[in-house]
Amino acid sequence: MGGGIYLIQDNDQLVEMTEQAYDSEDQLQEFLETYPNLLAGDDIDRGIPRRWLLISREIVTSKEEEMTQEWALSHLFLDQEAIPTLVEVKPTHNREVRQKVVGEMIDYAANAGIYWPLESIIAKFEVNCRENGRDPEQVFEEFLGEDANEEKFWQKVKTNLQAGKIRLVFVAENISAELRRIVEFLNEQMDPVEILALEIKQYVSQEGLRTLVPRVIGQTTEAQLKKSSTTRERRKWDETSFFSEFKTRWGNDEASIVIKIHNWAKNQEPLVKIQWGTGDVYGGFAAIVNQQGRKNLELFSIDISGRLEIYSNNYSSQPPFNSNGKWLELRSKLSSIGLALPENSEEFRAPSLRLSTLQDDEALDQVMESFHWVIEEVNQG
């Protein structure tokens, strides 16, 4: 054991507290679940201290094409900027174990956006709340405030996952020098992923007092400069920058598809307007139906990840789709092009389709015809 720490009580009594090992790895996991502030959000970001929303403990997921391979993660948290924070609690002094844990965390970073659908994350959050006797809406309100837009927050989670903007945190009672060097190296090299280690030592007194002391490891000066500059960068997309970037990432064939959809939307003016997004490495445009005296309807959005996406709540709150009959008609229409809305219009869903599936002109025409039908229905409604 290492040295101790000392508390001065109200009666000026000096209480010595000595370092003590945790009873088990499970005990440290329980502390993190009960006291998320142990993740030391004020040290991770001194300018804007991180606050934590626990999604679930012991998350198990599988690769789609390899359903026999399961991944287990100690905890999944979100911070107030919707950045997924993946926490792994494991001792890492053994070289073989350390290599396995680091490898698994890199796997999580590479595949989180693909194999963790937003709907699954929301479901895990709700199940975890109810298992602990909490109302999910109340928990969310306590986290972000009563004026926060919950749906917008969840969509930002999805955006961050797809853009690879996540945080990986190795947690242990003692962080070895070997793991520290690995974390510092990876944190300097990987962007926008943030990789940290967190050492949480436990101290107890003879009187039964307990103190937990977290220490963040991995924030080298070089890494902090890189991450902060990335955070500050805000890029306003337009036709030129978006299509150029899209062609670089996905090639001419997919770029021609998105250009055709964009041109179709522009041809619907003045009923439809194009709204460009802002982001650092992630962004795109949305097609918005203008409505006099009513809230505008977002038809769809297309982003640099090569997907067309809709949000069910944008439709369910608008006439005529706020009636059951028209909702079912809309659901049938959009399901024919691969966008599956929920049967219950009050359920939130964000279905999407890859633009690469629209290489066939007939399939692409069907998508544009479906959204043209939506525009007509909204104008009549």
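Student: Let's start with strand S12 (residues 284-289): how many of its residues are buried?

Tutor: Strands here are DSSP runs of E, at least two residues, while helices are DSSP runs of H or I, at least four, and both are numbered from the N terminus. Buried means under 20% relative accessible area, exposed means over 50%, and partly exposed is in between (1.4 Å probe, protein chains only). S12 is mostly covered, and of its six residues the number buried is six.

Student: What's the mean pLDDT of the protein chain?

Tutor: The model is predicted, its residues are numbered from 1 along each chain as the sequence is written, and side-chain values use heavy atoms, leaving out hydrogens and water. Local features need pLDDT of at least 70 and side-chain atom pairs count only at 80 or more, while totals for chains, interfaces and linings use all residues. pLDDT itself is the predictor's confidence in each residue, from 0 to 100. In the protein chain 90% of residues reach 70 or more, and the mean is 85.

Student: And how many contacts beyond near neighbours in sequence does the stretch 64-69 have?

Tutor: Over residues 64-69 the pLDDT is below 50. A contact means heavy atoms within 4.5 Å. Beyond near neighbours in sequence, the number in the model for this stretch is six.

Student: Back to S12. Which residue in it is the bridge partner of Trp276?

Tutor: Two strands pair if DSSP finds at least two bridges between them. Strand S10 (residues 272-276) runs antiparallel to S12, joined to it by five bridges. Trp276 has its bridge partner in S12, and that partner is Phe285.

Student: Which residue of strand S13 (residues 297-303) stands opposite Ala287?

Tutor: S12 and S13 also pair in the antiparallel sense, this time over six bridges. Gly284 stands opposite Asp303 in S13. For Ala287, the residue opposite is Phe300.

Student: Which strands stand at the edges of the sheet?

Tutor: The sheet is open, with five strands in the order S10-S12-S13-S14-S15 and antiparallel pairing. An edge strand has a single partner strand, so one side of it is left without a neighbour in the sheet. That describes S10 and S15 (352-354).

Student: How many degrees are neighbouring strands of this sheet turned against each other on average?

Tutor: Axes are lines fitted to C-alpha atoms, for helices over the stretch in contact, and angles run from 0 to 180 degrees between N-to-C directions. For this average, though, direction is ignored.

Student: What angle does helix H9 (residues 239-267) make with S13?

Tutor: H9 packs on the sheet, where it touches S10, S12, S13, S14 (307-309) and S15. Comparing its direction with that of S13 gives about 155 degrees.

Student: Which element supplies the largest share of the largest nonpolar core?

Tutor: A nonpolar core is a set of buried Ala, Val, Leu, Ile, Met, Phe, Trp, Tyr and Cys residues joined through side-chain atoms within 4.5 Å. The largest one has 41 residues, and those with the most contacts inside it are Phe242, Leu299, Phe300, Tyr315 and Phe371. At least two residues each come from H9, S10, S12, S13, helix H11 (324-335) and H12. The largest share, nine residues, belongs to H9.

Student: How far apart are the C-alpha atoms of Leu76 and Leu53?

Tutor: Leu76 lies in strand S4 (residues 66-79) and is buried, with a relative accessible area of 2%. Not counting residues up to four places away in sequence, Leu76 touches several residues, including Leu53, Ile59 and Trp116. Leu76 and Leu53 are 23 residues apart along the chain, and their C-alpha separation is 8.7 Å.

Student: Last one: which side chain makes a polar contact with that of Gln155?

Tutor: Gln155 is in helix H6 (residues 150-163) and, at 8% relative accessibility, counts as buried. A polar contact is a pair of N or O atoms within 3.5 Å; within protein, one must be able to donate a hydrogen and the other to accept it, and residues adjacent in sequence count only if both atoms are side-chain atoms. At 3.2 Å, the partner is Tyr311.
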